[in-house]
Amino acid sequence: MDALIRGLHHVTATVNDAQQDVDFYVGLLGQRLVKKTVNFDNPGVYHFYYGNEAGTPGTIMTTFPYKGMGVRTGANGAGQITTTSFSAPAAALPFWRARLTEAKVPFTEAPTPFGEEALLFDDPAGLHIRIVGAPRDDREPWTRPDISAQQAIRGIHSVALNVRHPAITAGLLTEMMDSRQVGDDAGITRFAMGEAQPGTIVELLEARDDHAAVSGLGTVHHVAFAVATPEDQLRMRSELLKLGLGVTDVLDRQYFTSIYFREPNGVLFEIATLPPGFAIDEPLERLGTALKLPPWEEHRRALIESHLPPVEY
Ligand code: ZN
């Protein structure tokens with residue numbers, strides 16, 4: 001089979017307060033809010049998409065701010081993505097140390113076993129976020145007056161999965177998802193696709209004795225991998241079904257189509273298409289400025305808007 005998986009598409013997390021979330025990802029990390037919409041499975045809750053200018057797949061972090069909706073606080077454990085890493089130029093790490101310090105966000109030095117400097121800290125909901133200093137990352141960053149192109153985050157670097165049985169997830173990644181092992185040190189096995197650039201990296205951490213993860217506020221819900229076309233998505237779906245994995249039907253997410261399945265250690269994976277992208281319902285220069293609803297929810301706009309807290313950015 002030709003390579004179908006092009007890299008990471010996005011990471012989606014369940015978070016707490018909407019305004020704190022926007023302040024963190026836009027105000028502190030300098031990401032662009034490229035889409036303000038609702039959770040298509042629960043339209044009483046926002047769905048924020050953050051990324052570079054266009055929200056290019058591989059740069060996208062997405063959140064569901066569930067504050068006040070009766071969702072429990074999650075707990076890290078086995079069968080979960082426990083760290084989401086962003087990529088910044090290696091030379092920009094001093095800038096990020098100063099920026100986090102200025103914002104009073106506690107961080108620890110967390111160099112990877114693969115020779116990169118990295119800073120580890122929590123977002124306002126408790127998600128573990130890392131900025132990894134990448135030797136090379138050709139992606140075009142979103143910039144703002146206080147964050148130059150030499151400093152700006154390029155996009156998602158990688159996700160780290162805590163799993164009880166790394167070998168089975170490793171087998172899925174290498175045999176089905178176009179990945180190869182590119183590193184193995186200090187209990188962390190690193191896999192990557194293509195040229196192994198940031199945005200294509202998955203790390204497996206053996207967590208044989210961990211209790212099972214609890215989904216909830218402050219935990220990652222799923223990671224999505226990118227395929228180029230709806231046809232590739234269907235090919236991927238049929239290959240996964242042949243393995244005996246329970247895969248959903250193709251779901252219309254407005255900005256891409258998606259299928260979901262749980263990999264054998266329990267982490268929720270999504271396969272999402274590159275097209276059509278975020279400019280399908282508002283122009284590139286105005287991305288994220290208005291609340292966008294999928295066509296099937298427009299008739300309920302007034303009701304939905306009345307339940308969502310205002311956010312400023
Ligand atoms: Zn998703």
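Q: Is His 10 buried or exposed?
A: Buried means under 20% relative accessible area, exposed over 50%, and partly exposed in between (1.4 Å probe, protein chains only). His 10 has 3% relative accessibility, so His 10 counts as buried. This is a predicted model, in which local features need pLDDT of at least 70, side-chain atom pairs count only at pLDDT 80 or more, and totals for chains, interfaces and linings use all residues. Residues are numbered from 1 along each chain as its sequence is written, and side-chain values use heavy atoms, with hydrogens and water left out.

Q: Which residues coordinate the zinc ion?
A: Donors are N, O and S atoms within 2.8 Å of the metal (3.2 Å for Na, K and Ca); water is not among the atoms, so sites may look incomplete. Here His 10 (NE2), His 222 (NE2) and Glu 270 (OE) coordinate the zinc ion at 1.9 to 2.0 Å. His 10 in strand β1 and Glu 270 in strand β16 are 260 residues apart, a link between distant parts of the chain. Strands are DSSP runs (E, at least two residues), numbered from the N terminus. Glu 270 is buried, with a relative accessible area of 1%.

Q: How many residues of β8 are buried?
A: Six of the seven residues in strand β8 (residues 128–134) are buried.

Technical notes:
Helix = DSSP H or I, 4+ residues; strand = E, 2+ residues; numbered from the N terminus.
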